2 protein chains.
Amino acid sequence: MEQTKIILDENEMPKKWYNILADLPSPIDPPLDPRTWQPINPEALEPIFAKELIRQEMSSERYIDIPEEILDVYRLWRPSPLFRAHQLEKVLKTPAKIYYKYEGVSPAGSHKTNTSIAQAYYNMKEGTERLTTETGAGQWGSALSLACNYFELDCKVYMVRSSYYQKPYRKSLMTLWGGNVVPSPSSDTAFGRKILQEQPDTPGSLGIAISEAVEDAIAHENTKYTLGSVLNHVVLHQTVIGAECKKQLEQVEEYPDVVIGCCGGGSNLGGIGLEFIKDRLEGKHNARVVAVEPSACPTLTRGEYRYDFGDTAEMTPLLKMYTLGHDHVPPAIHAGGLRYHGDSPIISKLCAEGLMEAVSYDQKEVFDTAVQFARTEGIVPAPESAHAIRCAIDEALAARQTGEEKVLLFNLSGHGHFDMASYDKYFSGELD
Amino acid sequence: MEQTKIILDENEMPKKWYNILADLPSPIDPPLDPRTWQPINPEALEPIFAKELIRQEMSSERYIDIPEEILDVYRLWRPSPLFRAHQLEKVLKTPAKIYYKYEGVSPAGSHKTNTSIAQAYYNMKEGTERLTTETGAGQWGSALSLACNYFELDCKVYMVRSSYYQKPYRKSLMTLWGGNVVPSPSSDTAFGRKILQEQPDTPGSLGIAISEAVEDAIAHENTKYTLGSVLNHVVLHQTVIGAECKKQLEQVEEYPDVVIGCCGGGSNLGGIGLEFIKDRLEGKHNARVVAVEPSACPTLTRGEYRYDFGDTAEMTPLLKMYTLGHDHVPPAIHAGGLRYHGDSPIISKLCAEGLMEAVSYDQKEVFDTAVQFARTEGIVPAPESAHAIRCAIDEALAARQTGEEKVLLFNLSGHGHFDMASYDKYFSGELD
């Protein structure tokens, strides 16, 4: 049999992050100050973000060196394996070759650690003692708890209420790494109390949880806020994924025709895709890059491309992005990590300019796929990641129709070990 | 920093299992027929086991080839990584070098897949259509469900009642791979119904669950029984672990002074340790090999070395092993995989002859260790595997006292992603 796992040695781990801002055909629209609607002064962001992260957010350097201390932590799970989905190909009877990058090997179970480690590190270096954040499905909250534990920072996580109760053991995992988790909206912030009073039964949303985490960071000494997706520096930190994929595919002398990632805020998609968009911008190759989102929260496929707030309380800068409106509360689907009203400005711009495509799927068909994948490839996917698998399968089936030996690459961004309650609902027929 | 992960390419995966029966200083005592107490005729085992597995159980060949079809499935996660525990060493201020083999990378989350794939494969080849088994913590039941899914066999799992309720998502995982799971004692067997009538509140035990699974296999057409530990052929299949470790340590020019594994039935310990016992028997090296068990089920440290039944209902052959008595029901500790009254005849013999050592730890100190490990190395260990970590830490602390630069190797046999309820109990102070 041909190779199943393509692996890299530690010394082949990328030493730089790739910043696509240096290569975009036209500059990205700047974030606006929520009070003046004028381009924001970087200093205005310092109450909530570490300076180095603000610098990276606005940087036009093409490559940014990864500090040795961050590489040392990355070594615990990076480089991550690239798998050839032999079993899945066989079942689909497709001539396509399906490769998937597996980010679930990180201790927290997803790609999120690529940026949580970086964000905690820079904050530690600048004297921050406590970080706040929001989390949807809990992948990001787990990743930040792990990172804060490494760099000895306190960690407060506002977890979207619907996910908090859907995935009880995510909270246990964060607690194990020393994180302090509350369901959002919570009574710990003024904005949380307001929402609780107005809508006591709300499932919560990432927009609300972000407002709480930002308010908390501003209200407390030596405390900063961190975000697990959307922002340029977050997407930047994820580019190690695509850089590794490229080296791994070179080992087997392949280049992808289609690169696929699920998309909530856009960081795992950017992480795997931007390296291939770069080749496209340089005229070297022409891989299609596809964003996959839930039909229940169709930001890229049905939203508007305009300036909007990142949060519900209108505390964050305005970002130019695809959005469903910052007060939109998506239904409580099980892919909690994809329930965001907006999207990464980088991903949004690439979609708007036709450099990236977007598709959406219903929850039921995504879970059908998750089960099919677990029964062929073995790995239990996170419901979020299963969106990418669904799209890869559709591409493989299309290739069967046309007989093309396409090379497909998708990001299996995380495992579903903490999503078993959702699988239970699927099997008992209770999934909406 | 020195290397963190030592990895091997797929083509460096061992192609043979190592059978220590060929090398023991004196022959192992044979299994006895439960009716006659005479050495059992291999054919008497055919109603419950596949013929090839019986052949392997009694084989005196030193190496047994691993079939290509099994290697193809192993490729999904093998070779598994060997980690150097840099962070843990730093925290312990030890001159010892601590290495751990991580078997949690298999889709089912533990070393158990090394044998479940083999057992399902041989049964499939011989025309078996359905497999039965018992499971404690659920690691083995998950691994067998995964394997049966690959080779298209039906799978019935009798899960020890206390674990069934402690770890609800283990059942979900088995269901996802198509396994049919019931809590044991169950009403599906005559023996289960008898126990339920006599002791309606029993937490169950591996001994009871084995009796049910054997009864079921005998009672149904084209059905065989499989065991996840204890037997020679099971230990045999696990020897890929130690063979990989040896190659990985050679890469960094090390040889272990101490090799450590937790021990319930003994398969993960045998898997990592026998390769080093072989060197010891050949006079090449002199690594100590240490079995670590829970004080709540101290088979090797406090049991007797004698013939005993493998199950409670006295249906299995008699095995010469350390035992607490086949009607012993250990307390419902959270390391459900270590709650077995007996032990592998191979491990038992090695302990009896002074070629292996055994120690035991209390549940509380094991969980202290599990938390310390998660907070230093990141990975959340299964409670079973944490026993091995505890012992490695004690060896590292002893090395700090003596100043010796010892090389320690332990088997991190599985992750604890499905054991978070036990971690919750630890944090809430409810652990006995």
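The side chains of K97(B) and E405(B) form a salt bridge with an N to O distance of 3.8 Å, a salt bridge being a side-chain nitrogen of Lys or Arg within 4 Å of a carboxyl oxygen of Asp or Glu. This pair connects distant parts of the chain, with K97(B) in strand β5 of chain B and E405(B) in the loop between α16 (383-402) and β15 (407-412) of chain B, 308 residues apart. Helices (H or I, at least four residues) and strands (E, at least two) are DSSP runs, numbered from the N terminus. K97(B) is buried, with a relative accessible area of 17%, whereas E405(B) is exposed, at 57%; buried means under 20% relative accessible area, exposed over 50%, and partly exposed in between (1.4 Å probe, protein chains only).

The model is predicted: local features need pLDDT of at least 70 and side-chain atom pairs count only at pLDDT 80 or more, while totals for chains, interfaces and linings use all residues. Residues are numbered from 1 along each chain as its sequence is written, chains are lettered from A and ligands numbered from 1 in the order in which they are written, and side-chain values use heavy atoms, with hydrogens and water left out.

Over all chains, the whole structure holds 64 salt bridges. One of them joins D188(A) to K156(A), at 2.8 Å from N to O. D188(A) lies in the loop between β8 (180-184) and α8 (190-198) of chain A and K156(A) in strand β7 (residues 154-160) of chain A, so the pair ties together parts that are 32 residues apart in sequence. D188(A) is partly exposed, at 42% relative accessibility, and K156(A) is buried, with a relative accessible area of 7%. In chain B, E103(B) and R78(B) form a salt bridge whose closest N and O atoms are 2.8 Å apart. Here E103(B) sits in the loop between β5 (97-102) and α4 (113-125) of chain B, and R78(B) in the loop between α2 (68-74) and β4 (82-84) of chain B, 25 residues apart. Both E103(B) and R78(B) are buried.

At the interface, 44 residues of chain A are in contact (heavy atoms within 4.5 Å) with 44 residues of chain B. The area buried between the two chains is about 3,800 Å², with carbon and sulfur atoms giving 59%; this is the accessible area (1.4 Å probe) that two parts lose on being put together, summed over both. Two salt bridges are counted between chain A and chain B. K5(B) forms a salt bridge with E10(A), the closest N and O atoms being 3.8 Å apart. On the side of chain A that touches chain B, α5 (139-150), α7 (168-176), α15 (363-376) and α17 (420-427) of chain A each supply at least two residues. Of these, α7(A) gives the most, with six residues. A network of salt bridges links K5(A), E10(B), E68(B), D72(B) and R75(B).

The largest nonpolar core has 156 residues, of which W17(A), Y74(A), F410(A), W17(B), Y74(B) and F410(B) touch the most other members. Such a core is a set of buried Ala, Val, Leu, Ile, Met, Phe, Trp, Tyr and Cys residues joined through side-chain atoms within 4.5 Å.
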